[in-house]
Amino acid sequence: MSDIKILYDAQVRFQTLIANGTIPRDDPEMLAHHLLGLVTEIGEVAQADKRWKKNKRNGHYDRDEKLEEIADCFIFLLNICIYSDISPDELKMAVGKKIDKNRSRYLNSKEEAQ
Ligand SMILES: [Mg+2]
């Protein structure tokens, strides 16, 4: 079983526990809730590592905190898939396909520039 499936299934079990039984598997309201959650967690990643800021007044960086916030983002992404009826295999395939596509696009654009 892939790592992503192990994590996905653990998150389905947790969501089911929170919901006291069953969870909807294609629910736009749950999607909206978890999309907003993801947005806030993305902000928390940016807060944990402020070295990206142009004004160098506050260069706060806490690697452990950043890792935890990235994990929060990942969990919300899993929830987005769970409440969109997207399986871990579909997710894995789509991500792999997209990385390949981006790579080809980049290599093609480099070729065209020559
Ligand atoms: Mg967080």
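Reader: Let's start with S109. Which helix is S109 found in?
Author: S109 sits in helix α4. Keep in mind that this is a predicted model.

Reader: Buried or exposed, S109?
Author: Exposed. S109 has 9 C-beta neighbours inside 10 Å, and a residue with 12 or fewer counts as exposed.

Reader: And how far apart are the C-alpha atoms of S109 and G43?
Author: They are separated by 32 Å. Along the chain, S109 and G43 are 66 residues apart.

Reader: Step back a bit. How many helices and strands does the protein chain have?
Author: Four helices and zero strands. From the N terminus on, the order is α-α-α-α.

Reader: What's the radius of gyration of the protein chain?
Author: It is 18 Å. A compact globule of 114 residues would come out near 13 Å.

Reader: What box do the C-alpha atoms fill?
Author: Roughly 55 × 40 × 30 Å, taken along the principal axes.

Reader: What percentage of the 114 residues is buried?
Author: Buried residues make up 10% of the protein chain.

Reader: OK, contacts. Of those with a separation of 6 or more, what share joins residues 24 or more positions apart?
Author: That share is 71% in the protein chain.

Reader: Now the core. Which residues make up the largest nonpolar core?
Author: There are five: Y8, L78, C81, I82 and Y83. Helix α3, residues 63-82, gives the largest share of this core, with three residues.

Reader: Pick I82. What is I82 in contact with, leaving aside neighbours within four places in sequence?
Author: Q11, V12 and Q15.

Reader: On to α1 and α3. At what angle do their axes cross?
Author: The axes of α1, residues 3-18, and α3 cross at roughly 75°. They come within 10 Å. That angle makes α1 roughly perpendicular to α3.

Reader: Which residues make the contact?
Author: On the α1 side, L7, Y8, Q11, V12 and Q15. On the α3 side, I75, L78, N79 and I82.

Reader: And by class, what does the contact of α1 with α3 have?
Author: Six nonpolar residues, three polar ones and no charged ones.

Reader: New topic: α2. Where is V45?
Author: V45 is part of helix α2. V45 counts as partly exposed, with 17 C-beta neighbours inside 10 Å.

Reader: What does V45 touch, not counting residues up to four places away?
Author: K66, E69, I70 and C73. For V45 and I70, the C-alpha atoms are separated by 6.3 Å. Those two are 25 residues apart along the chain.

Reader: And E29, which helix is that in?
Author: Also α2, which covers residues 28-48. E29 is exposed, because 9 other C-beta atoms lie within 10 Å.

Reader: How far is E29 from Y61, going by C-alpha atoms?
Author: E29 and Y61 are separated by 35 Å, and are 32 residues apart along the chain.

Reader: Loops next. What about the phi of N20?
Author: N20 has a positive phi of about 60°, although N20 is not a glycine. N20 lies in the loop between α1 and α2.

Reader: Why does N20 count as exposed?
Author: Because N20 has 7 other C-beta atoms within 10 Å. Exposed applies to counts of 12 or fewer.

Reader: And D85, what is its phi near?
Author: Phi of D85 is near 55°, a positive value in a residue other than glycine. D85 lies in the loop between α3 and α4. D85 counts as exposed, with 11 C-beta neighbours inside 10 Å.

Reader: Last one: S84. Where does S84 sit?
Author: In the loop between α3 and α4, where α4 is residues 88-113. S84 counts as partly exposed, because 16 C-beta neighbours fall inside 10 Å.

Reader: What does S84 touch, not counting residues up to four places away in sequence?
Author: D26 and L31.

Methods. Residues are numbered from 1 along each chain as its sequence is written. This is a predicted model: local features need pLDDT of at least 70, side-chain atom pairs count only at pLDDT 80 or more; totals for chains, interfaces and linings use all residues. A nonpolar core is a set of buried Ala, Val, Leu, Ile, Met, Phe, Trp, Tyr and Cys residues joined through C-beta atoms within 7 Å. A residue is buried if 20 or more other C-beta atoms lie within 10 Å of its own, exposed if 12 or fewer, and partly exposed in between; C-beta atoms are placed from the backbone. Helices (H or I, at least four residues) and strands (E, at least two) are DSSP runs, numbered from the N terminus. Two residues are in contact if their C-beta atoms, placed from the backbone, lie within 7 Å. Axes are lines fitted to C-alpha atoms, for helices over the stretch in contact, and angles run from 0 to 180 degrees between N-to-C directions. Angles under 35 degrees count as roughly parallel, over 145 as roughly antiparallel, 65 to 115 as roughly perpendicular and the rest as oblique. Ala, Val, Leu, Ile, Met, Phe, Trp, Tyr, Cys and Pro count as nonpolar, Asp, Glu, Lys and Arg as charged, and the others, Gly among them, as polar. The radius of gyration is taken over C-alpha atoms; the globule rule is 2.2 Å times the number of residues to the power 0.38.
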